[in-house]
Amino acid sequence: MSFSALGLRAELLLAVGEQGYTEPTPIQAQAIPAVLAGRDLMGGAQTGTGKTAGFTLPILQKLAEQAGGPQGRTPVRALILVPTRELAAQVQASVFTYGKHLPKIRSLSVYGGVGFHPQVQALKRGIDILVATPGRLLDHLSQRTVDLSKVQVLVLDEADRMLDMGFIPDIRKILAHLPKQRQNLLFSATFSDEIKKLADGFMHDPLLVEVARRNATAELISQRVCPVDREKKKDLLAHLITSGDWKQVLVFTRTKHGANNLAEKLVKSGIRADAIHGNKSQPARTRALAEFKAGKIKVLVATDIAARGLDIDELPHVVNFELPHVANDYVHRIGRTGRAGSTGEAVSLVCVDELGLLRDIERLIKREIKKEIVPGFEVDPRIRAEPIVQGKRGASSQRRPSNAPHKAAGNRGQNAPRQPAARAGGRNSRDSGRRAFSY
Ligand code: AMP
């Protein structure tokens with residue numbers, strides 16, 4: 001199967017060729033013709049499957065085909081909603097890359113945490129494809145600095161993540177500003193009942209395209225669990241990086257505080273590392289990501305929300321320094337590696353406190369992850385499990401932020417922590433407190 005067989009025009013084929021893509025990924029092969037044909041589509045695909053090009057290429061083609069093209073102030077014709085700032089910037093970069101031989105298409109990303117006014121100016125000049133996070137887009141709508149009445153195609157990207165982050169009410173408000181007649185595309189790594197309910201409300205006879213088994217982890221990712229005592233996780237991580245001569249590794253922690261601490265500790269051990277999370281300014285995050293991509297820093301430590309949508313090609317290693325409270329996040333995290341055809345490795349450092357979380361993950365992905373004890377880091381069976389949520393100390397402890405903003409309370413932060421910790425952590429604390437350490 002070649003890209004030209006999908007019916008894409010020469011300018012797009014040229015751009016795709018320049019990216020070095022030789023053939024469409026499965027999601028692209030299925031989504032591109034369907035979107036070109038005008039169908040609504042529900043794409044079951046996680047990051048790394050090539051889904052962005054899967055919706056961007058046909059949208060570019062459809063808009064480019066319209067007579068006249070933009071003249072002066074153009075209304076937004078395609079709207080792409082994404083959960084995070086990083087993803088907004090990356091999707092717009094893809095729109096730009098794939099559309100660069102179509103001179104008439106203008107795109108913009110709008111998201112919070114950066115100036116409002118420059119976005120207003122850019123919107124005034126006329127935008128064909130707008131990529132936006134929900135909160136900032138609602139701000140523009142309330143200021144009447146954006147007109148969505150001419151939108152022909154709507155994309156909800158990473159819909160499951162939007163749901164997790166509490167964006168669904170915002171999305172419903174945004175939908176009210178769109179014309180009823182439009183094409184709808186929804187992409188999600190998983191299709192929970194809530195996502196299906198949302199989709200049922202506005203999609204028309206959508207084509208369902210799924211490239212990964214529901215809730216399954218990508219085949220190309222080799223996964224292992226390294227059992228370790230909670231106090232030894234940092235040393236084990238440093239050991240893995242150094243002994244394996246790892247050049248580029250994305251490490252997940254549960255909290256921003258944990259991300260900072262870990263990055264500092266790694267730097268002290270002589271490993272070039274930085275942390276990326278919502279408390280950092282957008283320029284600081286962009287810089288950290290650029291340095292990571294360029295190989296100037298080896299280790300990027302991130303929280304789940306900050307890492308959403310980070311587009312890092314062929315990432316060889318992902319480490320779960322702490323297991324996520326929500327098992328689905330595990331699938332998202334390890335989706336950072338083994339991307340679009342390359343293999344990758346996901347290592348989870350799991351201490352006795354996290355056995356309940358591990359069990360949830362294995363149940364979700366329907367397989368057991370192999371356990372490998374690293375010599376010198378054997379677990380001490382006398383150490384008992386401690387609750388994760390209320391705990392103050394140790395590598396896996398997390399203090400629930402007292403000022404945790406909640407979307408329902410009107411906070412529009414793009415990094416508002418989600419609230420599942422109480423549920424998952426509570427259950428985990430109860431379980432793991434009773435059980436002795438055993439894998
Ligand atoms: P996505 O799932 O959209 O985040 O894309 C994951 C990565 O795959 C991106 O870095 C793309 O540049 C890359 N990619 C997208 N389509 C292809 C393709 N047809 N062949 C090879 N790589 C691709």
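Which residue of strand β11 does Ala-273 stand opposite? In this predicted model, Ala-273 stands opposite Val-299 in β11, and that pairing belongs to one of the sheets described below. The chain contains 16 helices and 14 strands, and of its 439 residues 58% count as buried. Among contacts between residues at least 6 apart in sequence, 76% join residues at least 24 apart.

**The sheet that holds β1 to β7**

- Seven strands form an open sheet in the order β3-β4-β2-β5-β6-β1-β7, and their pairing is parallel.
- The edges are taken by β3 (107-110) and β7 (207-210), and because each has a single partner strand, one side of each is left without a neighbour in the sheet.
- Neighbouring strands of this sheet are turned against each other by 15 degrees on average, with direction ignored.
- Strand β2 (residues 78-81) runs parallel to strand β5 (residues 153-156), and four bridges join the two; within this pairing, Ile-80 has Val-155 of β5 as its bridge partner.

- Helix α3 (residues 51-65) lies across β2, β4 (129-132), β5 and β6 (183-188), and its direction makes about 165 degrees with that of β6.
- Helix α6 (residues 134-142) lies across β2, β3 and β4, where it runs at about 120 degrees to β4.

**Two pairs of packed helices**

- Two packed helices are described by the angle between their axes and by the distance between the axes.
- Helix α2 (residues 26-36) packs against helix α3 at an angle of about 25 degrees, and their axes are 8 Å apart. An angle under 35 degrees counts as roughly parallel, and therefore α2 is roughly parallel to α3.
- The crossing in which α2 passes α3 is right-handed. On the α2 side the contact is made by Ile-27, Gln-28, Ala-31, Ile-32, Val-35 and Leu-36, while α3 contributes Lys-51, Ala-53, Gly-54, Leu-57, Pro-58, Gln-61 and Lys-62. Sorted by class, this contact of α2 with α3 has eight nonpolar, three polar and two charged residues.
- Helix α6 also packs with helix α8 (residues 168-175), at an angle of about 40 degrees and with the axes 10 Å apart, and the crossing of α6 and α8 is left-handed.
- In this second pair, Pro-134, Gly-135, Leu-137, Leu-138 and Leu-141 of α6 make the contact together with Asp-170, Ile-171, Lys-173 and Ile-174 of α8. By class, the contact of α6 with α8 has six nonpolar, one polar and two charged residues.

**The sheet that holds β8 to β14**

- Another open sheet of seven strands, with parallel pairing, has the order β10-β11-β9-β12-β13-β8-β14.
- Here β10 and β14 (370-371) stand at the edges, and because each has a single partner strand, one side of each is left without a neighbour in the sheet.
- Helix α11 (residues 256-268) packs on this sheet and touches β9, β10 and β11, and its direction makes about 170 degrees with that of β10.
- Helix α14 (residues 327-334) lies across β8 (221-227), β9, β12 and β13 (344-350), and it runs at about 155 degrees to β12.

**Strand β11 and its neighbours**

- Strand β10 (residues 273-276) pairs with β11 in the parallel sense over four bridges.
- Strand β9 (residues 249-252) also runs parallel to β11 and is joined to β11 by four bridges, with Leu-250 standing opposite Leu-300.
- Four bridges likewise join β9 to strand β12 (residues 317-320), again in parallel, and in this pairing Val-251 stands opposite Val-319.

**A buried loop residue**

- Ile-388 is placed in the loop between β14 and α16 (421-434). Its relative accessibility is 0%, and therefore Ile-388 counts as buried, the cut-off being under 20%.
- Ile-388 and His-325 are 63 residues apart along the chain, and their C-alpha atoms are separated by 9.5 Å.

Note on methods: Residues numbered from 1 in each chain as written. Predicted model: local features only at pLDDT ≥ 70, side-chain atom pairs only at ≥ 80, totals over all residues. Heavy atoms only, no water. Axes fitted to C-alpha atoms, helices over the stretch in contact; angles between N-to-C directions. Parallel < 35°, antiparallel > 145°, perpendicular 65-115°, else oblique. Left-handed = near helix turned anticlockwise from the far one by under 90°. Contact = heavy atoms within 4.5 Å. Nonpolar A, V, L, I, M, F, W, Y, C, P; charged D, E, K, R; others polar. Pairing = 2+ DSSP bridges. Buried < 20%, exposed > 50% of the residue type's maximum accessible area, 1.4 Å probe, protein only.
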